[in-house]
Structures are given as C-alpha cells and as structure tokens.
Amino acid sequence: MVATTAPNRRLLVAILLGVIPLSQFPIDVYSPAIPTMVRELGTTSTLVQNSVSAYVLGMAIGLLPVGVIADARGRKPTLLVCLALLVVASIGIAFTNDIAVLLALRFAQGLGGCACMVVVYAIAADTSRGPQLTSLSGWLGASWGLAPVIAPAIGGILVQFVSWRGIFVLVAVLGVVAGLVVWRLLPETLAPAAATPVRPRVIAGVLASAFRRKLFVGLTLVFAVFASAQLLFGVVAPLLYETGLGVPPAAYGLIALLVGAANLGGELATGALATRISSRTLGFSALAAFAAGTAVLLVSGLTVGPDLVLITLGGMFVMLGCGALCPLAYGLALGLFDRNLGLIGGLTSAVCYLFVAITMGAAASLPDDTQTPIGFVYVGCLVVGAALLALCLQPAKTKRSIAASSHSS
C-alpha cells in the first residue's frame, strides 16, 4: 500500500529543507544575546548558559518518543503538534522575566524542536531509497548546517537594535510559517501498511540490539563528542567576544557567521568526499583540523590571552573538524543497519543530545574571561575522539586482511 498522498518530489524536498533548520536555529540564534539576558534578567551567566542545556535536553528526551509516535500516528500530525509546542514555548520565553520559567520553557521548546529533525528524516526515508536517500540526506545536513552559520548574525542584529525577546518572537513566527506550510502542502508519507503500533518490548529489543554493537556505540560517541565541542564554542564565544573583548552583539554575529561558515564547509566536505576517499582518511583529516584549532585556542590562551583574531582562527579550525566528523559518524552509524532506521536514527541523535546537554551543563561553570578553559576541554575531546576513531575506522589493509582470512576459512 502506498502513502495516503503521492508527494510532489520538488515540493516535498523544499518543505523538508525549510523545516529541518528549526531544530537547530533556536540553539544558535540567541547566543549573541546571552550577556544581555544575564543583565536584564538579573541572573548569572551560568543559568543563562544552561538554557542551551535545557533545550538540548528536551531534544534528547523527545527524539525517541517522537519518532515512535510518528511511526504509529503519522508524520504530518506528529510534526504539527510539535511545531505548535515550539511556537507556544517561544512566545512564553519572549514574555517571561523569570529565569526558572525560561529554563522550563526552553526544555519544552526542545521537545517541540526535535520533531523538525527526527520526523523530517523519517519522511526522507519514506520517500527515498539508496543513492537518492543518501543525496537527500546530504542536502538536509547542509540545510541543517546553515542554522549555526546565519542564526547568530540574525540574533546579533536583533539583540542590538530590537531586544533579545524579539529573537524568540522570530522563532515563534518561523514556527507558525512552517506549521502552515506543513498543514497545507505536506502530504502524509507514512503508508498505512507501514504504520507501527507502539510495542515497548519490540522497541526495547531493537534498542538493546543496537547497544550490543560496539561499532555503533563507538560511532555514536564520536558524533556526541564533536557535536558537544561544536555547541560548546557557541555558548562560550559570546562571553569571550562581547564581555571579554567588548565586541558589540551585531559584530559578534558577523564573526559567528564566519566561524559557522567553516562548520558548514566541513559538512559539505564530508558530503563531497565521502564517496571518493576512505572514511579513515576523511575522519583523521577532519581530526587534524580540530587539533589545529585546539592548539591555537590553548596556546594563545596561555600566552597572549583573549585575542579576537586568534580566537576566531582557532574556532574556525575547530568548527571545520566538527562539521566534517559529525555527519561522517552519523552516516556510518546508520549504515550499520537496514531496518528500524527511524528508531536507530532517533537513538543516535538522542544519545548525542543527552551527551551535549550534560556537557553544556558542566561547561557553564567554566571561566569565560579567556579561551584557555575551552582549549583544555577540546584537548580532552581530541584524545577521546582520536581513540574512538582509531577503534572504529580500521585501515584498508586491516580490512583486507580480515576479509582474506574469512575467505580462506
């Protein structure tokens, strides 16, 4: 049985490309406003930074259940309900003066925003297969990657010339527009015969099987480590630039645009090179870029202190490495399975965002007057990431030896 409505391919892809950035946009768009929010809400930088953790935690907790509900009830109604939650939470944030309420609403906002990722990829899998799905996934990844590039620039302009509250009004407006487009134009892509009843035992069995696969766990942890490193810079950088160096919010937004472009470049590099060079070569080349950025941040922090050019240069190399490593690890992890891809994708993303939420919460207490602390954190990410990549990405010679041994036996 086919889906309820045969989708127009171009229109469908356009809708998916427009919706998926809404999962990431609320994380990055208000980063230039963090110092202003600390002053206006009369709270601490730690609590305001934890609003990032609250959003990411909401995403992490919501990914699996939203994916399961979308498999059972349909893609379109699930996405509409979650977009409504995103809009309501964003409006609430725009009008609150209480940091505790803001943190709770950010959690709810994350619950709504997670559907813009997990349901979008489920729709892509409903309508595409093989190389076509790989191609669509690459475009979706690039669209998602645009959010860290353009969002801080938009947020910097709004916070300097309007208000930080206007940023969340903008998120609400974008959510309303996306909801109207989905309601009017997006067909239901889940075929009735493909609907999966919610059966906890079956779901638990699939999840347990995934966690027993060491390669899947390793690749998921690579994704989590470098996604955390990527988001950490976005949380710490506004205080380094605006508070430490006196950079105006709008100017910081332009700097973030430059750093975000490096991250997007890494994602596009993975998309372009993944079929041309080995995963090991691509992975360790990206790790080398990350190491270069880490060295610049740490050495400059220990020697010359806060410096606009060196922080930006280090951040660009770090983001270039993260931008390449995250989609590489995610794609390789999903490629280990040929069934339950929606659930597996939700699991991979949930583990990643849970890891990110914990990391962001811990990192909020780091000193923010120099780049040295984040440099030391990145050293830890580098060591862990290198060990995981060495275990997960075997040299081609080793793979051939294993294959030859299996053939001779």
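Q: In what kind of crossing does α11 pass α14?
A: This is a predicted model, with residues numbered from 1 along each chain as its sequence is written; local features need pLDDT of at least 70, side-chain atom pairs count only at pLDDT 80 or more, and totals for chains, interfaces and linings use all residues. Side-chain values use heavy atoms, leaving out hydrogens and water. Helices are DSSP runs (H or I, at least four residues) numbered from the N terminus, and a crossing is left-handed if the near helix is turned anticlockwise from the far one by less than a right angle, right-handed if clockwise. For α11 passing α14, the crossing is left-handed.

Q: Is α11 roughly parallel or roughly antiparallel to α14?
A: Take axes fitted to C-alpha atoms over the stretch in contact, with angles from 0 to 180 degrees between N-to-C directions. The axes of α11 (residues 214-244) and α14 (residues 308-334) come within 8 Å and cross at roughly 155 degrees. Under 35 degrees counts as roughly parallel, over 145 as roughly antiparallel. So α11 is, relative to α14, roughly antiparallel.

Q: How many residues of the contact of α11 with α14 are nonpolar?
A: Contact means heavy atoms within 4.5 Å. Phe 226 of α11 and Met 319 of α14 are among the residues that make it. Ala, Val, Leu, Ile, Met, Phe, Trp, Tyr, Cys and Pro count as nonpolar, Asp, Glu, Lys and Arg as charged, the others as polar. Four are polar and none charged, and the nonpolar residues number 20.

Terms used
Helices (H or I, at least four residues) and strands (E, at least two) are DSSP runs, numbered from the N terminus. Angles under 35 degrees count as roughly parallel, over 145 as roughly antiparallel, 65 to 115 as roughly perpendicular and the rest as oblique.
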